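Hello,

Here is the structure you are taking over. Please open it first, then read the notes below it.

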Amino acid sequence: MKRKSDSIGTHRWKGKRESREVDEPEIQPLWPFFADLPSHITTNILIRLPIKSVFICKCVCKSWHTIISDPHFAKLYLKNAPTDVMIRTNDPKRVSRTLHLLEFQHENFRDRTEYDDCNGFCICDDICEPNCQGHMKFEAKFKLPLRDAKMVLDKMLDAKNGGRKRSYIACKPIDDKFAVVNSCKGLLCLCDPMYNNPLVVCNPITGEFIRLPEASNTRGTCDCGFGYHKKTGEFKVIRVYDNYVQDPTNAKEWFSNGRVAEMLTLGNGTWKSVGEDIIPSELRFPTSVKGALHWLRPLSAGTENLIVRFNFELERFEIFPCPLCLVNIHGGLKLRNITMGELDRRLYLCGVFDFDHINLWLMKKYGVRDSWSKIYNIDMMTPDRWPFEFYRPIKLFNKGAAILMYHSCNCLIYLEREGCGFNFFKVRRTRFKFEAFAHIPSLISLKDAVKGDVEVQNVHSRCAAFKLREENDVLFLAEDDVVAAFIFSSS
């Protein structure tokens, strides 16, 4: 690699006309060459880049391609990668298989009122202005598989044979859409949105996915979760459902015969009955932390039984300690709603008390009740007036100095602990709601992550020949004044 010197040509005057003669630029070597850096230094630089930049760097030269393609690099990247946010539109008439990765840092969310004349709120609703500084475009987009890819491919073939040219394939959400169970170490577990039956595990970054074995005779809705057994290095799927059996006197009648819990180790190929002693019901917000899988139960179950953990080592369900202040709830202090998840690879609880305060607890030492620490106490009755309903914190900035939350009324909320207010952000260029969840991007191939003989498919090889309508959408995130719409909302 060489560069031209910054030499400046001489000037010569010829009467009234000025002419400039530029000397031949001197060729100098650019030293040191980037390619001459030791590989471990190059690796240390590359693992700190956003995932989209990593894909770009992979195409720069052969040496970088070799480094990034190495499975060891993928493990290092997952270990150092921050938790980002995945966003997907929730159009009831579309399949919505596109995931948008939100990789912005806290600088992108603060002090945005200086950009526009309209109180800082971006007005590029119908036309995405390329130079507008009031919105943040989603740069990284990834695809989810379809529930029935063969049916979609058959539709595409029929259209081709019939001489019909389509720019997209019309898919029905009831047949092809997946719901997201939860994220674990860069992988997603996807389920049937109607019955929550887990069907697929995928890595949206690499496009790889595996289909889970057929379920046994399940009828009704499942409670499920996806986790990682740290000791064995295995990914596991749990599903809990009501076991229905036929009435021996009337084959058309079915009745419940108790709860059943089954576990599948990826690569094993068969579901295994587990947790026969105590099988809880109504499990929500599955969260994989510290090599175990956790759920939140309804408040009606009692605060002492609020968190349930599945112990992969013992293959059983256990009661997990929740904050003491929740156990001792009494008098006028009432918990209206509560959510659970993972922040900075640690367990958190977020609750709303009497529509007055939002409290966020983080478990700093896993499994120790006294280590639950309240890191946010937000007064909802401030002059800005926070909206009601559910809050799900999905990203911490600067060790908790700022937080990004997803609100069930279809917006993201950015708040600094020492700040004077908060900011609302909406997804523009779509008329429908969106869902957001925390996800750590991973470059690890499913072939390396899953033990055993399993068929690994790729969404790009099977479905690259067609597009869905929503894949052409260009979405962006923009600050919005949505407070007024929520002030008088009761739900």
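Of the 53 residues in the largest nonpolar core, those touching the most other members are F73, V201, F226 and L266. A nonpolar core here is a set of buried Ala, Val, Leu, Ile, Met, Phe, Trp, Tyr and Cys residues joined through side-chain atoms within 4.5 Å; buried means under 20% relative accessible area, exposed over 50%, and partly exposed in between (1.4 Å probe, protein chains only). Strand β10 (residues 187-191) gives this core its largest share, five residues. Strands (E, at least two residues) and helices (H or I, at least four) are DSSP runs, numbered from the N terminus. The core lies between domain 1 (38-75) and domain 2 (82-110 + 132-488), because both give residues to it; the domain bounds come from an automatic or database domain assignment.

This is a predicted model: local features need pLDDT of at least 70, side-chain atom pairs count only at pLDDT 80 or more, and totals for chains, interfaces and linings use all residues. Residues are numbered from 1 along each chain as its sequence is written, and side-chain values use heavy atoms, with hydrogens and water left out.

A second, separate core has 22 residues, including Y348, I375, Y391 and I413.

Next, L343, which lies in strand β21 (residues 335-343). L343 counts as buried, at 1% relative accessibility. Leaving out residues up to four places away in sequence, L343 touches Y348, L360, L362, P393, I394, K395 and L396, where contact means heavy atoms within 4.5 Å.

In helix α1 (residues 39-46), the residues T42, T43 and L46 are buried.

Regards
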